Amino acid sequence: MTMTEEKNKNQLKPYDYKTGALDNDGVVVQKIYTKAEGFIIYRTNSAIRLDMDDDHPEMKTYMANHFKIGVDLARIYSWLPENLSWAEPINKQIARAMTTNVAGNYSEAKKMLDHAEERIIKLKIIQGRIQYTLSAFLVVFIISIFALLLSSSSAAFLSKVMLCGALGGVLSIAVGYNSLTIDIDANWKTNSLIGGSRIVIAVIASLFSYFAIQSGVAFSFIRESESNDGIFLIAMIAGFAEMLVPNMMNNLARENPTTEHEPPKA
């Protein structure tokens, strides 16, 4: 017996596949979606697979049909999570589309894949927004802990200003939650980093507004007040309104224009 014959002898046929057992590549079969005489569609932890019986008379037809959706599947697979158990409803729809396509109904399979793609994009955006928001809340929580632990009067006051700016940033995220722009190719680390950095920027904006008040550059009337509530309010607004600090800087630049010396007249 040749090596090829020995290999074909050991190859699993579609009806030999079992959940929890190994496939022909030595990967554990997590779920079986379609088991037919000539092919099987199943899922491992990281991929939805199609395996065919090489001896089946329709094998070449099945393969030709499967190649028609190769580009669509490649795009969809690139967006699916690494652990496919997190997206089982979408996995089932992709498997149904693959089964429909192998059977020769390409147009119906294409519609199903297009719908699955829409669902994946929505899922990725929802996950990204949650990761974005949770990281922002985490940064605010850390800042609030520092504000509670600091005992020095000057440091404690600055920490409260920073906390107000951070709260303003969180409020800005909450108000614009449905319009948060998420890159569907980004992973959770990227989304978390962007969400946390937005709070850091809000804190910097609140500190800028505080020093602007103290120096009399802007909102000087608040400095004259005996209460510090106005400072905290402006700090929160600076964290909430992204254009407040740039507008303050623009106004400062207009109030202090640089003058160029004109050349002496002949």
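This note walks through the fold of one protein chain, point by point.

1. **Ground rules.** This is a predicted model: local features need pLDDT of at least 70, side-chain atom pairs count only at pLDDT 80 or more, and totals for chains, interfaces and linings use all residues. Residues are numbered from 1 along each chain as its sequence is written, and side-chain values use heavy atoms, with hydrogens and water left out.

2. **Overall make-up.** The protein chain has 10 helices and three strands. Helices (H or I, at least four residues) and strands (E, at least two) are DSSP runs, numbered from the N terminus. Read from the N terminus, the order is α-β-β-β-α-α-α-α-α-α-α-α-α.

3. **Burial and surface.** Of the 266 residues in the protein chain, 37% are buried. Buried means under 20% relative accessible area, exposed over 50%, and partly exposed in between (1.4 Å probe, protein chains only). The chain exposes about 16,400 Å². Carbon and sulfur atoms supply 60% of that area. Accessible areas come from the Shrake-Rupley method with a 1.4 Å probe; for residues, only the protein chains shown count as cover.

4. **Contacts along the chain.** A contact means heavy atoms within 4.5 Å. Take the contacts with a separation of 6 or more: 58% of them join residues 24 or more positions apart.

5. Three strands form an open sheet in the order 1-2-3, with antiparallel pairing. Strand 1 (31–35) and strand 3 (48–52) are the edge strands, since each pairs on one side only. The twist averages 20° from one strand to the next. Two strands pair if DSSP finds at least two bridges between them.

6. **Two hairpins.** Strand 1 and strand 2 form a hairpin with three residues between them. Their antiparallel pairing runs over four bridges. Here Thr34 stands opposite Ile41 in strand 2. Strand 2 (residues 39–43) and strand 3 form a hairpin too, with four residues between them. Five bridges join this antiparallel pair. Ile41 stands opposite Leu50 in strand 3. Helix 2 (residues 59–67) packs on the sheet and touches strand 2 and strand 3. The direction of helix 2 makes about 155° with that of strand 3. For such angles, axes are lines fitted to C-alpha atoms, for helices over the stretch in contact, and angles run from 0 to 180 degrees between N-to-C directions.

7. **Strand 2 is covered.** In a regular strand the side chains alternate between the two faces of the sheet. In strand 2, five of its five residues are buried. Phe39, Ile41 and Arg43 lie on one side. Ile40 and Tyr42 lie on the other.

8. **Aromatic pairs.** Rings of Phe, Tyr and Trp (its six-membered ring) pair if their centres lie within 6.5 Å; planes under 30 degrees apart count as stacked, over 60 as edge-to-face and the rest as tilted. The count comes to five aromatic pairs. One of them, Tyr17 with Tyr42, is tilted, at 5.1 Å centre to centre and 40° between the planes. Tyr17 lies in the loop between helix 1 (3–10) and strand 1, and Tyr42 lies in strand 2, so the pair ties together parts that are 25 residues apart in sequence. Both tyrosines, Tyr17 and Tyr42, are buried. Elsewhere, Phe157, Tyr210, Phe211 and Phe232 form one aromatic cluster.

9. **A loop residue.** Where is Asn228 found? Asn228 sits in the loop between helix 8 (220–223) and helix 9 (229–240). Asn228 counts as partly exposed because its relative accessibility is 35%. The C-alpha atoms of Asn228 and Val161 are separated by 9.9 Å, with the two residues 67 residues apart along the chain.
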